[in-house]
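Trainee: Can you walk me through this model? I'd like to start with the overall fold.

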Amino acid sequence: MEPPLLILSVISLANIAILSALIMLFARMFAATKAQLPLGMIVVAVSLLLHNAIGAAGFFSHDMLISESVFPYMLGVGITELAGLSIFLKITMD
């Protein structure tokens, strides 16, 4: 695997870890309150988790199909998502 794709894979895996933590937190909230909002957030987090899992799998298996010219854009999207999810996790934990 080429280094740019390794970087993208690591970012996707970090997003998956944060999303897993968010899913667990929302599941606890739902179990405690039976409110619908945490249930909706679980659905959103699961779909983002699937997006990142499919992306990471694609980076591992289809490295020859991804052009180096799109790497900066994909890196920007991955880092922005990682930053947003990190902030969302911090807010949720407070």
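Predicted model: local features only at pLDDT ≥ 70, side-chain atom pairs only at ≥ 80, totals over all residues.

Trainee: How many helices and strands are in the chain?

Mentor: Three helices and zero strands, taken as DSSP runs (helices H or I, at least four residues; strands E, at least two) numbered from the N terminus. The C-alpha trace spans about 50 × 20 × 15 Å along its principal axes.

Trainee: What share of the residues is buried?

Mentor: Of the 94 residues, 30% are buried, meaning under 20% relative accessible area; exposed is over 50%, and partly exposed is in between (1.4 Å probe, protein chains only).

Trainee: New topic. Which helices supply the lining of the largest pocket?

Mentor: Helix 1 (3-33), helix 2 (36-61) and helix 3 (71-93) each give at least two residues. Among the lining residues are Leu8, His51, Phe59 and Glu81. A pocket here is an open set of points on a 1 Å grid over the protein atoms alone, where a 1.4 Å probe fits, with protein on both sides within 12 Å along at least five of seven lines; lining residues have an atom within 4 Å of a point.

Trainee: And Val46: which helix is valine 46 in?

Mentor: Valine 46 sits in helix 2. It counts as partly exposed because its relative accessibility is 35%.

How values were computed. Residues numbered from 1 in each chain as written. Heavy atoms only, no water.
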